[in-house]
Amino acid sequence: MSCWYLSDLSVTILKLYTILTLYIKMKLSGLALANSISGISSFLILFFVIKKRLEPFDTKPIFVSFLRILAATFFMFTVCYRLSQTNIFLALILIIAVISYIFFCFLFRVREMREAWNWLTQRAK
């Protein structure tokens with residue numbers, strides 16, 4: 001069994017476990033948190049597998065990008081949490097969440113967001 005299958009299997013088991021435990025206690029918030037935990041753990045597992053397989057592999061740009069995305073996600077969460085304390089419709093909160101995530105990605109200079117933005121604007125022309 002290759003390490004790719006093992007990483008997928010371990011992430012799937014972790015996801016099922018976190019969904020079952022967190023959903024029972026936290027309902028929909030637990031489901032969202034379980035997906036976040038499994039996504040981060042999947043990234044970390046695959047990151048270290050690739051690092052081990054490709055020895056002269058520069059991991060700093062990937063790790064810095066991950067931290068920038070994590071910071072943008074945290075601030076988007078803060079915006080969403082503050083908005084959820086008000087009486088704003090959920091659809092409006094989701095739209096504001098997307099806009100705030102894009103804003104924070106540009107603020108933290110997330111390279112992938114800039115590349116996606118350039119691709120979208122070129123495609124729209």
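At what angle do helix α2 and helix α3 pack, and how far apart are their axes? In this predicted model, helix α2 (residues 28-53) and helix α3 (residues 60-84) pack at an angle of about 175 degrees, with their axes 12 Å apart. Local features need pLDDT of at least 70 and side-chain atom pairs count only at pLDDT 80 or more, while totals for chains, interfaces and linings use all residues. Residues are numbered from 1 along each chain as its sequence is written, and side-chain values use heavy atoms, with hydrogens and water left out.

- Axes are lines fitted to C-alpha atoms, for helices over the stretch in contact, and angles run from 0 to 180 degrees between N-to-C directions.
- Helices are DSSP runs (H or I, at least four residues), numbered from the N terminus.
- The two helices, α2 and α3, are therefore roughly antiparallel to each other (angles over 145 degrees count as such).
- I40, F43 and F47 of α2 meet I62, F63, F66 and L70 of α3, where contact means heavy atoms within 4.5 Å.
- The residues of this contact comprise seven nonpolar, no polar and no charged; Ala, Val, Leu, Ile, Met, Phe, Trp, Tyr, Cys and Pro count as nonpolar, Asp, Glu, Lys and Arg as charged, and the others, Gly among them, as polar.

**Serines in helices**

- S38 belongs to helix α2 and, at 4% relative accessibility, counts as buried (under 20% relative accessible area, with a 1.4 Å probe and protein chains only).
- The side chain of S38 reaches the backbone oxygen of N35 at 3.1 Å.
- Not counting residues up to four places away in sequence, S38 touches V11, L14 and K15.
- S100 lies in helix α4 (residues 90-107) and is also buried, at 9% relative accessibility.
- A polar atom of the S100 side chain lies 2.9 Å from the backbone oxygen of A97.
- Neighbours within four places in sequence aside, S100 is in contact with M76 and V79.

- I69 is located in helix α3 and is partly exposed, with a relative accessible area of 28% (the class between 20% and 50%).
- Between I69 and S38 there are 16 Å in space, C-alpha to C-alpha, and the two are 31 residues apart in sequence.
- Leaving aside neighbours within four places in sequence, I69 is in contact with Y101, V110 and E112.
- V110 also belongs to the largest nonpolar core, which has five residues: A72, F104, C105, V110 and M113. Such a core is a set of buried Ala, Val, Leu, Ile, Met, Phe, Trp, Tyr and Cys residues joined through side-chain atoms within 4.5 Å.
- M113 is in contact with Y101, I102, C105 and F106, leaving aside its neighbours within four places in sequence.

Technical notes: Angles under 35 degrees count as roughly parallel, over 145 as roughly antiparallel, 65 to 115 as roughly perpendicular and the rest as oblique. A polar contact is a pair of N or O atoms within 3.5 Å; within protein, one must be able to donate a hydrogen and the other to accept it, and residues adjacent in sequence count only if both atoms are side-chain atoms.
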